[in-house]
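Here are some notes to read alongside the model, written for someone meeting it for the first time. Please keep the structure open and look up each place as you go.

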Amino acid sequence: MAIKHVIIHVVKRDKDGEQLSKQLRDNENSTEGMTAQLTDGLLELFSNAHLNIGEFGVDGDSEVEPAFEQKLKKYYDDECKCSDFVAMTKELANKYESVIVGDQLHSVKGGYLVFYQYERNDDNWLAVAILNKTEGIDVAANLEVVASEILDLKKLHLGAAINLTQWKSELSTRYVRFRTGLAAEVRDYFEKFIGCQRDKLAATVETKKLKSAIQDYAKNACGMDDDVVSQKVAQAHDYIKEQQKLGNQVQLSHVSNHVFPDRADEFTRQAKEIHDLPEELAIDAKVLKSYKKLAGKGKGIAISFDRDMLNTTVKYDDGELTFSEIPDSLRAAIEEELKDDLGQDN
(Lines give C-alpha, C1' and ligand atoms only; values in the text may rest on other atoms or scores of the structure.)
Protein backbone atom coordinates (compact mmCIF):
# COMPACT_ATOMS: atom_id res chain seq x y z
CA MET A 1 0.00 0.00 0.00
CA ALA A 2 1.24 3.48 -0.81
CA ILE A 3 -0.09 7.00 -0.17
CA LYS A 4 -0.27 9.08 -3.34
CA HIS A 5 -1.71 12.34 -1.97
CA VAL A 6 -2.22 13.71 1.53
CA ILE A 7 -3.34 17.05 2.94
CA ILE A 8 -4.41 18.19 6.39
CA HIS A 9 -6.99 20.92 7.01
CA VAL A 10 -8.39 22.07 10.35
CA VAL A 11 -12.04 22.76 11.22
CA LYS A 12 -12.52 22.64 14.97
CA ARG A 13 -13.48 24.27 18.23
CA ASP A 14 -12.04 23.63 21.70
CA LYS A 15 -15.22 24.15 23.74
CA ASP A 16 -18.94 23.65 23.18
CA GLY A 17 -20.62 26.70 21.71
CA GLU A 18 -17.42 28.36 20.52
CA GLN A 19 -17.15 29.52 16.93
CA LEU A 20 -15.40 27.05 14.67
CA SER A 21 -11.88 27.95 13.62
CA LYS A 22 -10.75 26.95 10.14
CA GLN A 23 -7.35 26.69 8.53
CA LEU A 24 -6.99 25.26 5.02
CA ARG A 25 -3.68 24.41 3.38
CA ASP A 26 -2.84 25.78 -0.07
CA ASN A 27 -0.66 22.82 -1.05
CA GLU A 28 -0.41 19.12 -0.33
CA ASN A 29 1.60 17.76 2.54
CA SER A 30 4.74 16.09 1.26
CA THR A 31 4.53 12.30 1.25
CA GLU A 32 8.33 12.18 1.15
CA GLY A 33 8.58 13.99 4.45
CA MET A 34 6.10 11.73 6.21
CA THR A 35 7.54 9.40 8.79
CA ALA A 36 6.91 5.69 8.49
CA GLN A 37 4.89 5.88 11.70
CA LEU A 38 2.50 8.44 10.20
CA THR A 39 2.24 6.59 6.89
CA ASP A 40 1.57 3.25 8.56
CA GLY A 41 -0.88 4.87 10.97
CA LEU A 42 -2.96 6.39 8.18
CA LEU A 43 -3.00 3.18 6.17
CA GLU A 44 -4.11 1.15 9.19
CA LEU A 45 -6.97 3.47 10.22
CA PHE A 46 -9.46 1.76 7.93
CA SER A 47 -8.22 -1.81 8.31
CA ASN A 48 -10.46 -2.32 11.35
CA ALA A 49 -13.19 -4.88 10.85
CA HIS A 50 -15.80 -2.98 12.80
CA LEU A 51 -16.58 -0.43 10.08
CA ASN A 52 -19.94 0.29 8.51
CA ILE A 53 -20.23 -0.57 4.84
CA GLY A 54 -22.42 1.11 2.28
CA GLU A 55 -22.72 3.45 -0.67
CA PHE A 56 -23.51 7.06 -1.54
CA GLY A 57 -27.13 8.14 -1.33
CA VAL A 58 -29.60 10.63 0.10
CA ASP A 59 -32.51 9.59 2.34
CA GLY A 60 -32.16 5.97 1.30
CA ASP A 61 -32.04 6.73 -2.43
CA SER A 62 -28.77 5.67 -4.04
CA GLU A 63 -29.82 7.35 -7.30
CA VAL A 64 -29.45 10.80 -5.69
CA GLU A 65 -25.87 12.10 -5.59
CA PRO A 66 -24.87 13.76 -2.29
CA ALA A 67 -22.56 16.78 -2.37
CA PHE A 68 -19.50 14.69 -1.45
CA GLU A 69 -20.01 12.39 -4.43
CA GLN A 70 -20.59 15.36 -6.72
CA LYS A 71 -17.17 16.73 -5.72
CA LEU A 72 -15.53 13.40 -6.50
CA LYS A 73 -17.13 13.34 -9.95
CA LYS A 74 -15.96 16.89 -10.54
CA TYR A 75 -12.31 16.13 -9.86
CA TYR A 76 -11.73 12.41 -10.58
CA ASP A 77 -11.43 10.93 -14.05
CA ASP A 78 -12.16 7.33 -15.03
CA GLU A 79 -8.61 6.31 -14.10
CA CYS A 80 -9.10 7.63 -10.53
CA LYS A 81 -6.69 10.50 -11.16
CA CYS A 82 -7.55 13.74 -9.38
CA SER A 83 -7.24 16.95 -11.39
CA ASP A 84 -6.70 19.14 -8.30
CA PHE A 85 -6.44 17.37 -4.95
CA VAL A 86 -5.98 20.61 -2.98
CA ALA A 87 -9.03 22.35 -4.47
CA MET A 88 -11.21 19.27 -4.01
CA THR A 89 -10.29 18.81 -0.36
CA LYS A 90 -10.77 22.52 0.34
CA GLU A 91 -14.29 22.31 -1.03
CA LEU A 92 -14.97 19.21 1.07
CA ALA A 93 -13.57 20.88 4.21
CA ASN A 94 -15.84 23.87 3.61
CA LYS A 95 -18.77 21.48 3.17
CA TYR A 96 -17.84 19.82 6.47
CA GLU A 97 -17.95 23.21 8.20
CA SER A 98 -21.27 24.15 6.60
CA VAL A 99 -22.93 20.94 7.83
CA ILE A 100 -21.89 21.66 11.42
CA VAL A 101 -22.86 25.33 11.27
CA GLY A 102 -26.04 24.83 9.24
CA ASP A 103 -27.38 22.21 11.63
CA GLN A 104 -26.36 24.32 14.66
CA LEU A 105 -24.32 21.49 16.16
CA HIS A 106 -22.74 23.51 18.95
CA SER A 107 -21.31 20.48 20.74
CA VAL A 108 -19.50 19.03 17.70
CA LYS A 109 -15.80 19.76 18.14
CA GLY A 110 -14.56 18.92 14.64
CA GLY A 111 -10.84 18.30 14.32
CA TYR A 112 -8.00 17.80 11.87
CA LEU A 113 -9.37 16.67 8.51
CA VAL A 114 -6.79 14.39 6.97
CA PHE A 115 -7.54 13.62 3.32
CA TYR A 116 -5.38 11.05 1.59
CA GLN A 117 -5.48 8.89 -1.51
CA TYR A 118 -3.80 5.50 -1.43
CA GLU A 119 -3.61 2.22 -3.30
CA ARG A 120 -4.49 -1.17 -1.82
CA ASN A 121 -4.85 -4.47 -3.67
CA ASP A 122 -4.66 -2.59 -7.01
CA ASP A 123 -7.67 -0.42 -6.03
CA ASN A 124 -7.52 3.32 -5.48
CA TRP A 125 -9.00 4.66 -2.25
CA LEU A 126 -9.78 8.15 -0.95
CA ALA A 127 -9.95 8.51 2.82
CA VAL A 128 -10.93 11.32 5.13
CA ALA A 129 -10.24 10.93 8.83
CA ILE A 130 -11.32 13.36 11.53
CA LEU A 131 -8.50 13.21 14.04
CA ASN A 132 -7.63 15.01 17.22
CA LYS A 133 -4.44 15.49 19.14
CA THR A 134 -3.48 13.56 22.23
CA GLU A 135 -1.15 14.64 24.99
CA GLY A 136 2.35 13.24 25.01
CA ILE A 137 5.81 13.78 26.40
CA ASP A 138 8.87 14.93 24.48
CA VAL A 139 12.47 15.81 25.30
CA ALA A 140 13.79 19.22 24.26
CA ALA A 141 17.28 19.93 22.90
CA ASN A 142 18.50 20.73 26.43
CA LEU A 143 17.08 17.34 27.58
CA GLU A 144 14.29 19.00 29.52
CA VAL A 145 11.05 17.02 29.59
CA VAL A 146 8.27 19.01 27.92
CA ALA A 147 4.60 18.40 27.23
CA SER A 148 3.66 17.90 23.60
CA GLU A 149 0.65 17.07 21.47
CA ILE A 150 0.54 14.61 18.60
CA LEU A 151 -2.16 13.44 16.20
CA ASP A 152 -3.89 10.42 17.67
CA LEU A 153 -3.66 7.80 14.91
CA LYS A 154 -4.79 4.95 17.14
CA LYS A 155 -8.40 6.10 17.51
CA LEU A 156 -10.60 6.59 14.47
CA HIS A 157 -13.73 8.23 15.85
CA LEU A 158 -14.98 9.57 12.53
CA GLY A 159 -13.83 8.76 9.04
CA ALA A 160 -14.65 7.29 5.68
CA ALA A 161 -12.72 5.46 2.97
CA ILE A 162 -14.14 5.32 -0.54
CA ASN A 163 -12.98 2.61 -2.92
CA LEU A 164 -12.70 4.86 -5.96
CA THR A 165 -12.12 1.93 -8.30
CA GLN A 166 -15.32 0.16 -7.27
CA TRP A 167 -17.25 3.43 -7.16
CA LYS A 168 -16.20 4.22 -10.72
CA SER A 169 -17.04 0.73 -11.93
CA GLU A 170 -20.64 1.05 -10.66
CA LEU A 171 -20.62 -2.72 -10.06
CA SER A 172 -20.68 -2.58 -6.27
CA THR A 173 -22.97 -1.12 -3.62
CA ARG A 174 -20.37 -1.63 -0.87
CA TYR A 175 -17.60 0.81 -1.80
CA VAL A 176 -17.75 3.11 1.26
CA ARG A 177 -16.34 2.05 4.63
CA PHE A 178 -17.00 4.46 7.44
CA ARG A 179 -17.06 5.00 11.17
CA THR A 180 -19.48 7.53 12.56
CA GLY A 181 -19.33 7.28 16.36
CA LEU A 182 -21.96 6.14 18.81
CA ALA A 183 -23.78 9.39 19.64
CA ALA A 184 -26.76 9.94 17.34
CA GLU A 185 -25.93 13.62 16.75
CA VAL A 186 -22.38 12.82 15.68
CA ARG A 187 -23.44 9.85 13.57
CA ASP A 188 -26.11 11.82 11.74
CA TYR A 189 -23.98 14.85 10.93
CA PHE A 190 -21.04 12.83 9.65
CA GLU A 191 -23.19 10.58 7.48
CA LYS A 192 -24.78 13.74 6.13
CA PHE A 193 -21.34 15.18 5.32
CA ILE A 194 -20.21 12.06 3.47
CA GLY A 195 -23.65 11.32 2.04
CA CYS A 196 -23.30 7.64 2.81
CA GLN A 197 -25.92 5.14 3.78
CA ARG A 198 -25.37 1.81 5.44
CA ASP A 199 -25.90 -1.57 3.89
CA LYS A 200 -27.74 -2.58 7.05
CA LEU A 201 -28.24 -6.22 6.13
CA ALA A 202 -24.79 -6.89 4.67
CA ALA A 203 -23.14 -8.17 7.84
CA THR A 204 -26.08 -10.41 8.78
CA VAL A 205 -26.49 -11.84 5.28
CA GLU A 206 -22.81 -12.44 4.63
CA THR A 207 -22.14 -14.06 8.00
CA LYS A 208 -25.03 -16.48 7.40
CA LYS A 209 -23.89 -17.14 3.84
CA LEU A 210 -20.34 -17.91 4.96
CA LYS A 211 -21.59 -20.48 7.46
CA SER A 212 -23.78 -22.11 4.79
CA ALA A 213 -20.90 -22.11 2.32
CA ILE A 214 -18.61 -23.90 4.79
CA GLN A 215 -21.27 -26.46 5.69
CA ASP A 216 -22.16 -27.07 2.04
CA TYR A 217 -18.57 -27.49 0.89
CA ALA A 218 -17.47 -29.62 3.86
CA LYS A 219 -20.42 -31.99 3.53
CA ASN A 220 -21.01 -32.20 -0.21
CA ALA A 221 -17.60 -31.55 -1.72
CA CYS A 222 -15.43 -33.10 0.98
CA GLY A 223 -17.83 -35.80 2.24
CA MET A 224 -17.32 -34.89 5.89
CA ASP A 225 -19.72 -36.12 8.57
CA ASP A 226 -21.77 -33.75 10.72
CA ASP A 227 -19.24 -33.63 13.57
CA VAL A 228 -16.37 -32.64 11.26
CA VAL A 229 -18.58 -30.10 9.51
CA SER A 230 -19.32 -28.50 12.90
CA GLN A 231 -15.60 -28.44 13.64
CA LYS A 232 -14.92 -26.62 10.37
CA VAL A 233 -17.55 -23.98 11.18
CA ALA A 234 -16.08 -23.58 14.68
CA GLN A 235 -12.61 -23.11 13.15
CA ALA A 236 -13.98 -20.28 11.03
CA HIS A 237 -15.51 -18.71 14.16
CA ASP A 238 -12.23 -18.78 16.07
CA TYR A 239 -10.25 -17.40 13.12
CA ILE A 240 -12.68 -14.53 12.54
CA LYS A 241 -12.68 -13.59 16.22
CA GLU A 242 -8.88 -13.54 16.17
CA GLN A 243 -8.82 -11.26 13.12
CA GLN A 244 -11.33 -8.89 14.70
CA LYS A 245 -9.24 -8.73 17.86
CA LEU A 246 -6.21 -7.80 15.74
CA GLY A 247 -8.26 -5.16 13.91
CA ASN A 248 -7.94 -6.90 10.52
CA GLN A 249 -10.49 -6.97 7.74
CA VAL A 250 -11.93 -10.48 7.37
CA GLN A 251 -10.99 -11.81 3.93
CA LEU A 252 -12.76 -14.77 2.35
CA SER A 253 -9.51 -16.17 0.92
CA HIS A 254 -7.89 -16.05 4.36
CA VAL A 255 -10.82 -17.89 5.94
CA SER A 256 -10.51 -20.46 3.13
CA ASN A 257 -6.81 -21.00 3.81
CA HIS A 258 -7.51 -21.49 7.51
CA VAL A 259 -10.52 -23.81 7.29
CA PHE A 260 -9.70 -25.73 4.07
CA PRO A 261 -5.90 -25.36 3.72
CA ASP A 262 -5.64 -28.12 1.07
CA ARG A 263 -8.58 -26.93 -1.02
CA ALA A 264 -8.67 -23.20 -0.33
CA ASP A 265 -8.89 -22.01 -3.94
CA GLU A 266 -11.73 -24.39 -4.75
CA PHE A 267 -13.72 -23.38 -1.67
CA THR A 268 -13.17 -19.68 -2.38
CA ARG A 269 -14.40 -20.09 -5.95
CA GLN A 270 -17.50 -22.01 -4.85
CA ALA A 271 -18.26 -19.54 -2.05
CA LYS A 272 -18.18 -16.67 -4.55
CA GLU A 273 -20.01 -18.38 -7.42
CA ILE A 274 -22.68 -20.31 -5.52
CA HIS A 275 -23.11 -18.32 -2.31
CA ASP A 276 -22.38 -14.87 -3.78
CA LEU A 277 -19.80 -13.94 -1.15
CA PRO A 278 -17.35 -11.03 -1.68
CA GLU A 279 -13.65 -11.16 -0.84
CA GLU A 280 -14.01 -8.63 2.00
CA LEU A 281 -16.60 -9.95 4.44
CA ALA A 282 -18.88 -7.98 6.74
CA ILE A 283 -19.39 -9.90 9.99
CA ASP A 284 -22.36 -9.71 12.34
CA ALA A 285 -21.37 -10.56 15.92
CA LYS A 286 -24.72 -12.14 16.83
CA VAL A 287 -24.80 -14.41 13.79
CA LEU A 288 -21.14 -15.30 14.32
CA LYS A 289 -22.01 -16.73 17.74
CA SER A 290 -24.17 -19.33 15.97
CA TYR A 291 -21.01 -20.82 14.44
CA LYS A 292 -20.27 -22.55 17.75
CA LYS A 293 -22.57 -25.01 19.47
CA LEU A 294 -23.89 -24.60 22.99
CA ALA A 295 -22.09 -27.33 24.89
CA GLY A 296 -21.37 -28.57 28.37
CA LYS A 297 -20.47 -31.73 30.22
CA GLY A 298 -20.29 -33.05 33.74
CA LYS A 299 -21.49 -35.89 36.00
CA GLY A 300 -21.48 -38.38 33.14
CA ILE A 301 -23.43 -36.13 30.76
CA ALA A 302 -22.15 -34.36 27.64
CA ILE A 303 -24.60 -32.21 25.66
CA SER A 304 -24.09 -29.99 22.64
CA PHE A 305 -26.50 -28.53 20.09
CA ASP A 306 -26.73 -25.71 17.58
CA ARG A 307 -27.59 -22.36 19.12
CA ASP A 308 -30.55 -21.81 16.82
CA MET A 309 -32.20 -24.94 18.32
CA LEU A 310 -32.60 -23.19 21.67
CA ASN A 311 -36.26 -22.28 22.26
CA THR A 312 -37.27 -24.37 19.22
CA THR A 313 -36.49 -28.06 19.52
CA VAL A 314 -34.65 -27.48 22.80
CA LYS A 315 -36.47 -25.75 25.67
CA TYR A 316 -34.80 -24.42 28.78
CA ASP A 317 -36.95 -23.73 31.83
CA ASP A 318 -35.92 -23.34 35.45
CA GLY A 319 -32.70 -25.29 35.09
CA GLU A 320 -34.19 -28.11 32.99
CA LEU A 321 -33.64 -28.91 29.31
CA THR A 322 -36.41 -30.50 27.27
CA PHE A 323 -35.73 -31.97 23.81
CA SER A 324 -38.70 -32.32 21.49
CA GLU A 325 -36.50 -34.13 18.97
CA ILE A 326 -33.44 -36.30 19.44
CA PRO A 327 -31.06 -37.81 16.87
CA ASP A 328 -32.12 -41.15 15.38
CA SER A 329 -28.82 -42.71 16.46
CA LEU A 330 -29.40 -41.68 20.08
CA ARG A 331 -33.00 -42.93 19.99
CA ALA A 332 -31.85 -46.28 18.59
CA ALA A 333 -29.14 -46.59 21.24
CA ILE A 334 -31.61 -45.81 24.05
CA GLU A 335 -34.20 -48.27 22.74
CA GLU A 336 -31.55 -50.97 22.39
CA GLU A 337 -30.36 -50.34 25.95
CA LEU A 338 -33.92 -50.51 27.32
CA LYS A 339 -34.53 -53.73 25.38
CA ASP A 340 -31.40 -55.27 26.91
CA ASP A 341 -32.48 -54.17 30.41
CA LEU A 342 -35.93 -55.68 29.89
CA GLY A 343 -34.40 -58.96 28.72
CA GLN A 344 -32.24 -59.16 31.83
CA ASP A 345 -35.23 -58.57 34.06
CA ASN A 346 -37.05 -61.50 32.46
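1. A term to begin with: a residue is called buried when its relative accessible area is under 20%, exposed when it is over 50%, and partly exposed in between, using a 1.4 Å probe and protein chains only. Glu 191 counts as buried because its relative accessibility is 16%. Its place is in helix H5, residues 184-194; helices here are DSSP runs of H or I with at least four residues, strands are runs of E with at least two, and both are numbered from the N terminus. Contact means heavy atoms within 4.5 Å. Setting aside residues up to four places away in sequence, Glu 191 touches Phe 178, Thr 180, Cys 196 and Arg 198.

2. A word on where these values come from. This is a predicted model, in which local features need pLDDT of at least 70 and side-chain atom pairs count only at pLDDT 80 or more, while totals for chains, interfaces and linings use all residues. Residues are numbered from 1 along each chain as its sequence is written, and side-chain values use heavy atoms, with hydrogens and water left out.

3. Now for the interior. A nonpolar core is a set of buried Ala, Val, Leu, Ile, Met, Phe, Trp, Tyr and Cys residues joined through side-chain atoms within 4.5 Å. The largest one has 38 residues, and those touching the most other members are Phe 56, Phe 68, Leu 72, Met 88, Ile 162 and Ile 194. Helix H3, residues 85-102, gives the most to this core, with eight residues. Apart from it lies another core of 22 residues, including Leu 210, Ala 213, Ala 236 and Leu 281. In soluble globular proteins, nonpolar side chains tend to be buried together.

4. Which residues is Ile 162 in contact with, beyond its neighbours within four places in sequence? They are Phe 56, Phe 68, Leu 72, Asn 124, Trp 125, Leu 126, Trp 167, Tyr 175 and Val 176.

5. Next, please look at how H6 and H9 pack. Two packed helices are described by the angle between their axes and the distance between the axes. Axes are lines fitted to C-alpha atoms, for helices over the stretch in contact, and angles run from 0 to 180 degrees between N-to-C directions. Helix H6 (residues 202-221) and helix H9 (residues 264-273) pack at about 125 degrees, with their axes 10 Å apart. That angle makes H6 oblique to H9; under 35 degrees would count as roughly parallel, over 145 as roughly antiparallel, 65 to 115 as roughly perpendicular, and the rest is oblique. On the H6 side the contact is made by Ala 213, Ile 214, Asp 216 and Tyr 217, and on the H9 side by Glu 266, Phe 267, Gln 270 and Ala 271.

6. H9 also meets helix H8, residues 252-259: the two axes come within 8 Å and cross at roughly 135 degrees. H8 and H9 are therefore oblique to each other. Leu 252, Ser 253, Ser 256 and Asn 257 in H8 meet Ala 264, Phe 267, Thr 268, Ala 271 and Lys 272 in H9.

7. H6 has a contact with H7 as well. Their axes come within 9 Å and cross at roughly 140 degrees. From H6, Leu 210, Lys 211, Ile 214, Gln 215, Ala 218 and Lys 219 meet Asp 226, Val 229, Lys 232, Val 233, Ala 236 and Ile 240 of H7.

8. Staying with helix H7 (residues 226-246), you will find Gln 243 there. Is Gln 243 buried or exposed? Gln 243 counts as buried, at 10% relative accessibility. Leaving aside neighbours within four places in sequence, Gln 243 is in contact with Asn 248 and Val 250.

9. Two backbone spots are worth a look. Most residues other than glycine have a negative phi, and most peptide bonds are trans. Cys 80, not a glycine, has a positive phi of about 65 degrees. Cys 80 sits in the loop between helix H2 (67-75) and H3 and counts as buried at 6% relative accessibility. Lys 299, also not a glycine, has a positive phi of about 55 degrees. Lys 299 is in the loop between strand S13 (294-298) and strand S14 (301-305), and it counts as exposed at 89% relative accessibility.

10. Finally, find Asp 14 in the loop between strand S1 (2-12) and strand S2 (21-23). Asp 14 counts as exposed, at 58% relative accessibility. Its C-alpha atom is separated by 9.8 Å from that of Ser 107, 93 residues apart along the chain.
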